[in-house]
Amino acid sequence: MITVHHLNNSRSQRVLWLLEELDVEYRIVRYQRDRNTLLAPPELRAVHPLGKSPVITDGDTTIAESGAIIEYLTHRYGNGRLVPAPDTPARLRYTYWLHYAEGSAMTPLLLSLIFRRMPKAPMPFFARPLVRGIADKVKRSFVDPQLALHFDFMEAELARTPWFAGDEFTAADIQMSFPVEAGQARDLVGAQRPRLAAFLQRSHARPAYQRALEAGGEFAVLG
Ligand SMILES: N[C@@H](CCC(=O)N[C@@H](CS)C(=O)NCC(=O)O)C(=O)O
């Protein structure tokens, strides 16, 4: 039986969604983020040394990292579902987006989270205006332009095909949903990028997505 070590409001929601799409049985062990630090509780380090979510166990095998988990689950339980056939243009696009989500898209999103939270951290009162000034400058000069670059790119790619790898929904769309959700939480997705907004709407309408939401409980990407 597969166990999903599920942190609230986190990337592990994608794994629940994939398992629902594949109709594979699983059980959930739940963990709650620390309210102040947003970090996962230390118990998760007993499952994997990094203590991050998602991580799954399947018998004696432990697998961390969303992309690796998606590859494992689709290979072992997919019977060809949700992955384009090998040696096709769609497969190459699939591989690209599977890696791009965590390898490229999440970096500026994480930086934006850090620099927006930085001025709110505990510090001597006289330091706050200085820290706010530095954080704003980094955001304006580097982070925001990088976010615009990436989100314009994703939006343009969805002008070619309705899903990231092509005409069919694949596991790469599940992987891409997290950065796109995070973009929506930061007002980067909406009327100004309607294809990404439509991508989220179509994703949310899938019955497996709805079942995964019910199974996982609260899910909001940290904005
Ligand atoms: N690239 C990793 C990122 C894992 C990650 O950072 N997960 C976050 C949740 S979205 C986490 O566990 N945060 C809590 C912590 O770092 O303690 C993946 O895709 O699995």
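Reader: Which atom of the ligand does a backbone N or O atom of Ala40 lie 2.8 Å from?

Author: An oxygen atom of the ligand. Keep in mind that this is a predicted model.

Reader: Noted. And what does a backbone N or O atom of Ser53 lie 2.8 Å from?

Author: A nitrogen atom of the ligand.

Reader: Which ligand atom does Glu102 reach with a polar side-chain atom?

Author: Also a nitrogen atom, and the distance there is 2.9 Å.

Reader: How much of the ligand does the protein bury?

Author: The protein buries 85% of the 510 Å² that the ligand exposes when taken alone.

Reader: Which residues come nearest to the ligand?

Author: Ala40, Lys52, Ser53, Glu65 and Ser66, out of 13 residues around the ligand.

Reader: Where is Arg14?

Author: In helix α1, which spans residues 12-22.

Reader: Is Arg14 buried or exposed?

Author: Buried. Its relative accessibility is 4%, and the cut-off for buried is under 20%, so Arg14 qualifies.

Reader: What does Arg14 touch, sequence neighbours aside?

Author: Leaving out residues up to four places away, Arg14 touches Ser66, Glu102, Ile174, Gln175, Ser177, Phe178 and Pro179. Glu102 is the residue with a polar side-chain atom 2.9 Å from a ligand nitrogen.

Reader: Now Arg93. Where is that one?

Author: Arg93 is in helix α3, residues 89-117.

Reader: Why does Arg93 count as buried?

Author: Because its relative accessible area is 16%, and buried means under 20%.

Reader: What is Arg93 in contact with?

Author: Beyond its neighbours within four places in sequence, Arg93 is in contact with Glu157, Arg160, Thr161, Phe164, Ala165 and Gly166.

Reader: Switching to strands. How do β1 and β2 run, parallel or antiparallel?

Author: Parallel. 6 bridges join β1 (residues 2-7) to β2 (residues 26-31). The chain crosses from β1 through α1 to β2, and this β-α-β crossover is right-handed.

Reader: How many residues of β1 are buried?

Author: 6 of its 6.

Reader: Which of them lie on each side?

Author: Ile2, Val4 and His6 are on one side, while Thr3, His5 and Leu7 are on the other. Both faces are covered. In a regular strand, side chains alternate between the two faces of the sheet.

Reader: What about β3 and β4? How many bridges join them?

Author: 4 bridges join β3 (residues 55-58) to β4 (residues 61-64), and these strands run antiparallel. Asp58 has Thr61 in β4 as its bridge partner.

Reader: How many residues sit between β3 and β4 in the hairpin?

Author: There are 2 residues between them. In the turn, Gly59 has a positive phi of about 65 degrees.

Reader: Last one, Ala121. Where is Ala121?

Author: In the loop between α3 and α4, the latter being 128-157.

Reader: Why does Ala121 count as partly exposed?

Author: Because its relative accessibility is 29%, which falls between the 20% and 50% cut-offs.

Reader: How many residues separate Ala121 from Glu218 in sequence?

Author: They are 97 residues apart in sequence, and 26 Å apart in space, C-alpha to C-alpha.

Key:
Residues are numbered from 1 along each chain as its sequence is written. This is a predicted model: local features need pLDDT of at least 70, side-chain atom pairs count only at pLDDT 80 or more; totals for chains, interfaces and linings use all residues. Side-chain values use heavy atoms; hydrogens and water are left out. Buried means under 20% relative accessible area, exposed over 50%, partly exposed in between (1.4 Å probe, protein chains only). Contact means heavy atoms within 4.5 Å. Two strands pair if DSSP finds at least two bridges between them. A crossover is right-handed if, with the strands pointing away from the viewer, the path from the first strand over the helix to the second runs clockwise. A residue is near a molecule or strand if one of its heavy atoms lies within 4 Å of it. A polar contact is a pair of N or O atoms within 3.5 Å; within protein, one must be able to donate a hydrogen and the other to accept it, and residues adjacent in sequence count only if both atoms are side-chain atoms. Accessible areas come from the Shrake-Rupley method with a 1.4 Å probe; for residues, only the protein chains shown count as cover.
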